[in-house]
Amino acid sequence: MAITEEKKSHWGPVVSAIILTAGMLIVVQIMTKRPMLMVDRYFPGMGWIEIVALSLYSGFLIPKLLNPKTSIRWRTILWLTFSIIFFSQLTLGILGLESFLMTGRLHYPIPAMIIAGPVYRGENFFMPILFGSTLLFIGPAWCSYFCYIGGWDFFASQQLKRPRPMPKWRQPVRIAILILVVSAAIFLRVNETPISLVSRFAALFGLGGLAVIIVRSRKQGVMVHCTTYCPIGAVANVLGKISPFRLRIDDDCTGCRKCTMVCRYDALKPENIEQKAPGLSCTLCGDCIGTCKNNNIHYSFPGLSHQMARTLFLIIVVSFHAVSIGVARI
């Protein structure tokens with residue numbers, strides 16, 4: 001009976017996710033001049049079938065993520081699925097199939113370029129606007145659900161069973177890298193550096209991030225690339241505060257630190273647990289919720305219960321995920 005009641009309680013969120021996903025995709029389908037849905041680019045008129053399929057897909061995901069026992073596994077699956085699709089499109093674009101590219105132009109898939117690229121070019125702020133819009137709705141969760149590099153950093157960090165403590169100088173280094181990247185973009189623009197040379201700098205920065213993932217994240221058990229090297233992660237953590245969603249720790253917390261053992265963002269250190277709030281590097285991934293046997297960790301949203309806040313958050317995340325899969329991204 002309990003299982004039946006649980007399934008019934010999911011109907012509302014399932015229907016909500018389906019409607020929200022369909023609504024956003026219909027707007028994309030109707031309002032854009034160039035076909036944005038991938039199916040439409042190769043089979044004109046079939047985009048409506050893709051809208052139905054993706055809407056049902058979002059409805060399928062909701063119960064998996066609402067269940068704390070399966071949420072970590074399914075978050076990992078949908079995150080890596082997005083990343084695989086993203087890089088598959090990139091590969092096909094490199095091979096000359098330009099229909100797989102949103103703009104028809106190729107650029108390096110490095111998160112830092114979301115900021116550095118427009119600063120260097122002085123134009124084409126589509127990606128920063130899109131990124132900022134995501135922060136408005138789900139805060140820093142862009143980093144734990146939509147970052148095409150972050151999924152691999154997460155996978156690498158899981159090669160170590162328990163995360164190791166990060167040094168205190170991590171945050172200053174992170175801010176320094178952000179300042180350095182933005183300053184370098186301004187310097188290169190002012191000096192009218194050729195795009196060919198700028199592309200090489202971008203490639204080197206991207207390779208540096210890959211090295212951090214392979215070498216440091218695997219050995220540290222923490223997403224070192226995302227929490228220390230990536231400047232867009234720092235921006236997401238700070239500007240993500242514009243979103244009303246938060247993770248809170250109840251006063252009844254026993255301090256068992258099981259949540260610390262599952263957090264790969266170095267956001268649940270002993271001092272964070274004592275302060276009853278995750279650290280700045282928290283991305284609202286929610287992995288800690290399923291590990292707390294006393295249910296002392298929860299999402300919060302003004303005017304909503306803890307459960308409703310988590311449900312609303314996941315409906316938005318899943319809908320955004322389904323929409324992102326359906327369109328060209330590079």
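**Strands, salt bridges and patches**

Author: A place to begin is serine 300 in strand 2, which is the bridge partner of arginine 246. Keep in mind that this is a predicted model.

Reader: How do strand 1 and strand 2 pair, and over how many bridges?

Author: Strand 1, residues 246–249, pairs with strand 2 in the antiparallel sense, and there are four bridges.

Reader: Which way do the residues of strand 2 point?

Author: Ile297 and Tyr299 point one way, while His298 and Ser300 point the other way. All of them are buried. In a regular strand, side chains alternate between the two faces of the sheet.

Reader: Ok, new topic. How many salt bridges are there?

Author: The count comes to four. One of them joins the side chains of arginine 75 and aspartate 287, at 2.7 Å from N to O. That pair links distant parts of the chain, 212 residues apart. Arginine 75 is in helix 5, and aspartate 287 is in the loop between helix 15 and strand 2.

Reader: Are arginine 75 and aspartate 287 buried or exposed?

Author: Both arginine 75 and aspartate 287 are buried.

Reader: What does aspartate 266 form with arginine 170?

Author: A salt bridge, with the closest N and O atoms 3.1 Å apart. This pair also links distant parts of the chain: aspartate 266 is in the loop between helix 14 and helix 15, arginine 170 is in helix 10, and they are 96 residues apart. Aspartate 266 forms a salt bridge with lysine 269 as well, where the closest N and O atoms are 3.9 Å apart.

Reader: Why does aspartate 266 count as buried?

Author: Because its relative accessibility is 7%, and buried means under 20%. Lysine 269 has a relative accessible area of 27%, so lysine 269 is partly exposed. Salt bridges with shared partners join Arg170, Asp266, Lys269 and Glu271 into one network.

Reader: And the surface? Which residues form the nonpolar patch?

Author: Leu197, Phe201, Leu204, Leu207, Leu210, Ile214 and Val215, with about 640 Å² of accessible area together. Leucine 197 is in helix 11, and leucine 197 counts as partly exposed because its relative accessibility is 33%.

Reader: Which residues form the positive patch?

Author: Arg164, Arg216, Arg218 and Lys219. Lysine 219 lies in helix 11, which covers residues 195–220.

Reader: Why is lysine 219 partly exposed?

Author: Its relative accessibility is 49%, so lysine 219 counts as partly exposed; exposed would need over 50%.

Methods
Residues numbered from 1 in each chain as written. Predicted model: local features only at pLDDT ≥ 70, side-chain atom pairs only at ≥ 80, totals over all residues. Heavy atoms only, no water. Patch = residues over 30% accessible without salt bridge, like charges linked within 9 Å, V, L, I, M, F, W, Y side chains within 5 Å. Areas by Shrake-Rupley, 256 points an atom, 1.4 Å probe, with all protein chains shown as cover. Lys, Arg positive; Asp, Glu negative; His and termini not counted. Charge placed at Lys NZ, Arg CZ, Asp CG, Glu CD. Helix = DSSP H or I, 4+ residues; strand = E, 2+ residues; numbered from the N terminus. Buried < 20%, exposed > 50% of the residue type's maximum accessible area, 1.4 Å probe, protein only. Pairing = 2+ DSSP bridges.
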